[in-house]
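Look over the model first, then read on.

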Amino acid sequence: MATITTSGLTKSFGPVTAVSNLTVELPSGVVGLVGANGAGKSTLIKMLLGLLSPTSGGATILGFDCLTDGLKIREVVGYMPESECLPLDISATEFLVHMARMSGLPADSARERAADTLRHVGLYEERYRPIGGYSTGMKQRVKLAQALVHDPKLVFLDEPTNGLDPAGRDDMLGLISRVSSDFGISVVVTSHLLGELERISDHIVVIDGGVLQRSTSTADATQFAGSLLVEVTDRADAVIAKLREGGASVAEGRNQGSFAVELTDDDVTGTVVAAVAELGVGLVRLQRKRHQLSEIFATNDSPVEVAS
């Protein structure tokens with residue numbers, strides 16, 4: 001079922017149109033909203049939250065009208081902004097308790113929810129330290145926690161991995177996945193990195209210049225390709241030569257020891273197994289290859305970054 005529906009949604013700032021005639025449905029689960037910086041992602045989120053009035057068109061979120069039900073929407077939706085917005089002179093606990101109280105929770109429940117949420121994002125031991133002494137990764141976790149503290153049904157996460165190193169990005173992506181899988185909260189996460197969204201999203205929506213480019217399930221976008229991915233322990237060149245001698249079409253991979261074999265009506269899997277057995281080579285991996293989201297944009301002039 002759609003958690004968000006837009007119809008002709010448009011927002012202009014003078015001569016600049018940030019979102020243009022957007023009509024799309026976003027399902028439950030984890031939805032990746034991808035587009036380059038300035039593509040209109042943040043503007044769209046603010047309109048959906050009722051914080052910004054559209055120039056024309058409309059939208060609903062969880063059954064509420066974004067034009068008239070902004071307060072009701074914000075009671076059941078969490079928002080992690082991209083910008084730096086944290087008070088640096090108080091602790092994470094104080095901040096989350098305040099945010100929970102602002103959402104209508106009584107004092108005791110607010111304190112309990114704050115502790116539980118900080119534990120979930122991995123900040124329980126540091127919960128009483130001033131936020132100003134936190135690293136960038138810890139601050140991003142505080143921003144995620146405040147979006148979750150009132151137990152929302154849906155959260156918007158705007159560029160949650162900004163400023164994080166690769167390990168920090170992996171940790172944040174893992175947290176986002178658990179928000180959906182462990183707590184049943186729908187997530188709309190924005191990023192300009194396709195690789196990140198491919199890892200965690202059930203559905204992908206691509207916008208460029210405020211215009212919808214594509215809306216598809218991640219499974220459909222990354223369906224099986226017509227090749228078999230093979231990885232061997234050693235002597236990859238010998239295995240490839242043996243397969244080519246037998247008429248197989250082989251494309252060498254970027255990683256030493258891996259390559260792809262084009263699928264045909266013949267038993268390619270059996271051919272590969274026979275070749276490595278004959279050469280006495282160890283077989284590490286043998287699986288159907290899937291397309292990557294980056295391949296969707298390989299022939300387009302899209303500004304979206306394909307690196308993870």
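A nonpolar core is a set of buried Ala, Val, Leu, Ile, Met, Phe, Trp, Tyr and Cys residues joined through side-chain atoms within 4.5 Å; buried means under 20% relative accessible area with a 1.4 Å probe, protein chains only. The model is predicted: local features need pLDDT of at least 70, side-chain atom pairs count only at pLDDT 80 or more, and totals for chains, interfaces and linings use all residues. Residues are numbered from 1 along each chain as its sequence is written, and side-chain values use heavy atoms, without hydrogens and water.

The largest nonpolar core has 40 residues. Leu 96, Val 142, Leu 144, Leu 157, Val 187 and Val 189 touch the most other members. Helix H5 gives the largest share, 6 residues. Another core, of 26 residues, lies apart from it and includes Ile 4 and Leu 154.

H5 also packs against H6, with about 10° between their directions and axes 11 Å apart. That makes H5 roughly parallel to H6, a label for angles under 35 degrees. Axes are lines fitted to C-alpha atoms over the stretch in contact, and angles run from 0 to 180 degrees between N-to-C directions. Contact means heavy atoms within 4.5 Å.

| Helix | Range | Residues that meet the other helix |
|---|---|---|
| H5 | residues 136-148 | Gln 140, Arg 141, Leu 144, Leu 148 |
| H6 | residues 166-183 | Asp 171, Met 172, Leu 175, Val 179 |

An open sheet of 4 strands runs S2-S1-S4-S5, with antiparallel pairing. Strands pair if DSSP finds at least two bridges between them. The edge strands are S2 and S5. S1 and S4 are joined by 5 bridges.

How values were computed. Helix = DSSP H or I, 4+ residues; strand = E, 2+ residues; numbered from the N terminus. Parallel < 35°, antiparallel > 145°, perpendicular 65-115°, else oblique. Buried < 20%, exposed > 50% of the residue type's maximum accessible area, 1.4 Å probe, protein only.
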